[in-house]
Amino acid sequence: MNTPVLVVGGGPAGLSAAHSLASTGQKVLLVDKADRLGGAPILSGYAKLVPSGEWAKDAIGGMVQRIESNPLVEIQTRTTITEFSGAPGAFKYMLAGEEQTREAGATILCTGFSHFDPVNKPELGFGIFPDVVTTTQVEQMLSSGKGVKCLSDGRVPERVAILLCVGSRDRQIGREWCSKICCTVSANLAMEIREALPQCSVYIYYMDIRTFGLYEDAYYWESQEKYRVKYIKSRIAEVTSDGKRLIVKGEDTLVKRPITIPFDLVVQAIGMDPNVDNARIASIFGVELERHGFLQRGATYRAMGSTTRPGLLVAGAASGPETIDDSIAQGQAAAMAALTSLKAPATEAA
Amino acid sequence: MPILSKHLIRDENLIRNENLVIEGVDVSGDWSTFIKTRVVQDYNDSLQEDIAALPGGENIHRCWQCGSCTNTCTINALNPDFNPRYWIYLIRIGMEEELIRDKEIIWQCVSCNKCTSVCPRDVMPEGVMRATAHWLELKGYTPESPATIFDKVFSSQVFAKGKIEEGRLMMRFFKKTGQKLTQDWLVGLIRGLVLRLPIGLLTRMGLSALIHPRTRDWSNHRMAIAEYITEQKALHRKALGLPTTEESR
Amino acid sequence: MSNKYRKVAYYPGCALEGGASSYNRSTKEVGKKLGLELVELENWNCCGAMEVKNADPKLQTFLSARNLKIAEDMGFDTVMSPCNGCYHNLKKAEYDLAHDEASRETVKKLAHRAKTEPYQAGKVETIHALDWIRDAIGTDELRKQVRNSLKGLKVANYYGCMYTRPRHIFPEKDQGGANSDSTYRPHFMDDLLAAAGAENVEYPLKTACCGGAHTLSDSDTSTRLVLNLLTTAEACGAEVIATECPTCHQGLEMHQARAEKVFGKKTKVKMLYFTQLLGMALGLSARQVGVHENLSDSRSLLKEKGLG
Amino acid sequence: MNIALRIGDPLSEAPAVNREKLEEIFEDIRNHQLFDHELHGCLNCGICTATCPSAHYYDYSPREIVQLLLTENLEGIYDAMQEKIWACAQCYTCAARCPFHNSPGGLIMILRETAIKHGMQSAKDVLKPYTRVLMKVISTGNQLAPNMITPDAFADWGPNIAKVKAPLKVLRKAIPMPTMHTMDTAWEINIKTSIELYTIWEATGVLGQLETIDPNLFDVVTDLMDEKRDEYEEWLEEQEG
């Protein structure tokens, strides 16, 4: 119990893992490369979270406060791990800028994901037209209280298009996975836009709607029934401009007709990429990546959150697109696995 | 034309001048042929609200396009162009022009309610068909369909008397739609029936055609209904942005 | 035999007073024969059929609510209607009044203007003639009372749309088991006629649509739909289509004739109301159940089968 | 709008195509060596149709073609082969955008080849205008020569047709580069090259396709080829002698 467990990454999964460990009396060292804790929801300024509807700065901010005030947790921000070695029960590692080697009985990687950079899909107009924005930017517009506006001239949009699957499910750019959360997040954003701007029409261009489980009626149905968001089955091929408004170009697959429709604001529901640092993380920690570049999971059923290296655990979006609440659950599960491995490293460390 | 013929182009999208001379040069025919794009270029945002404002159309916004309605549709089986899912979609998205292309068949819904029974989202497609048919008539895209005329003749008899007498109903309908009062196929049928019927019953049937069946003390109901209809009509016309009385059109 | 439904309010509706008089007659005769009592609703009005609903669904709710209120005021908790249209509309009104505030408000407003009391959901149960006989008498008892079995008569049972759809207005259906009818494969009429000795054929179009809504306004469509019903019944080996709805029944009769006249498609299958068949099985004559009042002539077939 | 052909419609006068024939056609498509390369799966997203220039004008959707093939809708495929497959401009923008890395344009190519193989009327009609080009290639080795530019063949040139009516022979003399000043060829082809071309056509099945599509033209062409070959044989003998 004296040697701290190393938790790498201070987003929802890392915060959850650290808290769980500390609440059993286990010391924790929480490391994050950013200048503050909270991960994507805080750093990217998310608005209201799915499914609780709480503001990110309250919900995840609360988790951060809880950790910051916990004496069993040492926090190192603006820090990375430079060396990592050893075996379950006796890992050795070094923090950037330190000379001394540290020790950890167990390590949990909660290194998260990176937002897809839509510059990689130039035909969709991001970086070319100021009124083509990402879901993350709209989250920021809402969470900052400034409201949803066109970035070109500050006008309030009358018509907004949300394009799903930008940076997901696209072999052209080597992204064959579904980012899992964009459908629900987009439906949620669409409702928030409609609530804030009742005169504004919101259209969602989709190929499939994946508001899985209980999100179905709370987001997909609700957005139609209560907020009159319109869903059009079409993947947009190009975003252009007529000089005044943006033009989205697609095929309305349900009427088998090409469409070129004007919009004031086009929102790209950007997907979840592997963390841009994953190659480095993999080489330092000696873990394998799966074929898309996320951390490869180990055994699925014997122990929650195992990687390909015994005793080294993973939680959250580091190993694939994940929701916030599932990341939190995985953080807790990984903490449990870490504690187990400390107690009985020979039999249970998987 | 790079393909065989013009089947894949809608007639209205083909521009061609058969007699055109510009600056003394004859540019008729092939030279002046041009195909307009078939791309949908905008939505009519208010179309869905129009339909939702009419009786039966209230739940249209719930549709998620699963197609159960069209799958089960009685009329779709006879005519593949009769497609409730498609029309609901056009309305929801606001493709008005596309919808109007089918104005001649939308009223043909037989109200078998198969669609409403299977719809997982309680859209009530049968009601939407009715609302759409009314919308087409209110907007002046179609004259009143035979079905609407029949509904009106029937309803007015109910509203006036409280009951219906079928013989009179048929006669009135045929008259209103300018059809022969004695449809050939009906005549033989009724002649056969008359031959089989005893005199007493015939007399009774004859009498019921003269002494119309009616509900007693109906006048209060008649007035209440008339008042309600006037109110509703005004509401519907207002929702569609039409002058609130038909006369002021 | 249960005491349920032995005395119920009776709502014949306009069709049974007019062209479907044989259905009215046979229903009453069968009731009498079985010792069941029908008390006709006093001064009822038209249910609005499909046409009023098309003009305005809430008006149709009002019209049906008025009839339900009459049953209530006469002291009945059950009203029976043999007509699918009337039955459907009463059921629909009941459902709307129970679930839809706007319908309740409209009915209240209209009743007020008409200087009457509005009907409130839950007071009166609506049943069909099928429920009535099946639940008041039961198939076992019916079997005992058969005097002239329908044995050897091949019957296709046709229920049509309004008895089964939309399913949400019939909460008592689809509960499974023999005592709940199905909206997908209804069987109450089959059960009754089987008890009367008939040989029911497997008929896949039990709940298909006859196009009754457009019998006159879009006759070709109706004829095509009916022709499909008739030819399928014949292909299934049926000699008779048993009906339980005046609109369907008359639609089948008229468009059988029209199919022959207009399209040159002749079919032989006969149409009889299920109450006519039951009546004859119970020993009533063809004339007593009004076979001669039907538009189509099925007397020769009945004679051949030794019925009526 | 007319539908070119409805399969199995009881009210249609056109005879229904039998199932075996449809299966045979599909087998030929499915077994094409490129089929698996052009089609992997489909998300039904519609990007192909969105970028398709033909889809903007014709009732034609590459997504629909992909779906027909994926769902093995034999009637639908047959129907599309009557007309729709010829609406594609073979620009392959669809392939460049498809998130599944399909090539709808490539699939169209396979369908066209199959339509030719089965001698479909649509293929015959579409290829008819190329008869002149083919004859030219066979007889001269050139695909286009000045004397092919006649008002009849270029009706859609409109007012510009006046230029065609001008004395081409004279006009060609005005061209500063050497043009041989001929009307029936664009350049001179060595007879040996022609014979090699014939061999290639025979070996690759092009002549077989021609025989299916236009037996009369095939006869004319093979006669021409035989003549040329005789000519070549004679020439060879002369060289030896």
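Across the interface of domain 1 and domain 2 of chain A, two salt bridges are found by the rule, a salt bridge being a side-chain nitrogen of Lys or Arg within 4 Å of a carboxyl oxygen of Asp or Glu. The structure is a predicted model, in which local features need pLDDT of at least 70 and side-chain atom pairs count only at pLDDT 80 or more, while totals for chains, interfaces and linings use all residues. Residues are numbered from 1 along each chain as its sequence is written, chains are lettered from A and ligands numbered from 1 in the order in which they are written, and side-chain values use heavy atoms, with hydrogens and water left out.

The domain assignment of chain A gives domain 1 (5–112 + 275–342) and domain 2 (118–271); such bounds come from an automatic or database domain assignment. The C-alpha centres of these two domains of chain A lie 31 Å apart. In domain 1 of chain A, 16 residues are in contact with 17 residues of domain 2 of chain A, where contact means heavy atoms within 4.5 Å. The two domains of chain A bury about 1,400 Å² between them, 57% of it on carbon and sulfur atoms. Buried area is here the accessible area (1.4 Å probe) that two parts lose on being put together, summed over both. On the side of domain 1 of chain A, the most area is lost by Val50(A), His292(A) and Pro321(A), which together account for 33% of what that side buries.

A salt bridge is formed in chain A by Glu176(A) and Arg291(A), with 3.5 Å between the closest N and O atoms. Six residue pairs in polar contact (both at pLDDT 80 or more) are counted between domain 1 and domain 2 of chain A. A polar contact is a pair of N or O atoms within 3.5 Å; within protein, one must be able to donate a hydrogen and the other to accept it, and residues adjacent in sequence count only if both atoms are side-chain atoms. The residues of domain 1 of chain A that touch domain 2 of chain A divide into seven nonpolar, four polar and five charged. In this division, Ala, Val, Leu, Ile, Met, Phe, Trp, Tyr, Cys and Pro count as nonpolar, Asp, Glu, Lys and Arg as charged, and the others, Gly among them, as polar.

Leu164(A) is placed in strand S10 (residues 159–166) of chain A; helices (H or I, at least four residues) and strands (E, at least two) are DSSP runs, numbered from the N terminus. Leu164(A) counts as buried because its relative accessibility is 7%, the classes being buried under 20% relative accessible area, exposed over 50% and partly exposed in between (1.4 Å probe, protein chains only). With neighbours within four places in sequence left aside, the contacts of Leu164(A) include Cys182(A), Cys183(A), Tyr205(A) and Ala269(A). Leu164(A) and Thr135(A) are 29 residues apart in sequence and 9.8 Å apart in space, C-alpha to C-alpha.

Of the five pairs of chains in contact, chains B and C share the most contacts, whereas chain A and chain C do not touch, their nearest C-alpha atoms being 17 Å apart. Chain B comprises twelve helices and four strands, and buried residues make up 50% of its 249 residues. The domain assignment of chain B gives domain 1 (6–35), domain 2 (47–138) and domain 3 (155–236). The centres of domain 2 and domain 3 of chain B, taken over C-alpha atoms, are separated by 30 Å.

Between chain B and chain C, 57 residues of chain B are in contact with 67 residues of chain C. These chains bury about 5,300 Å² between them, 64% of it on carbon and sulfur atoms. Trp185(B), Arg196(B) and Tyr228(B) supply 16% of the area that chain B buries against chain C, more than any other three residues. The rule finds five salt bridges across the interface of chain B and chain C. Glu17(C) forms a salt bridge with Lys163(B), in which the closest N and O atoms are 3.6 Å apart. Polar contacts across the interface of chain B and chain C amount to 17 residue pairs (both at pLDDT 80 or more).

Several helices of chain B each supply at least two residues of the side that touches chain C, among them helix H7 (125–138), helix H8 (146–161) and helix H12 (219–239). H12(B) gives the most to this side, with nine residues. The residues of chain B that touch chain C divide into 30 nonpolar, 14 polar and 13 charged. Gln108(B) is found in the loop between helix H5 (96–100) and H6 of chain B, and is buried because its relative accessible area is 16%. Residues up to four places away in sequence not being counted, Gln108(B) touches Ile75(B), Phe82(B), His214(C) and Asp218(C).
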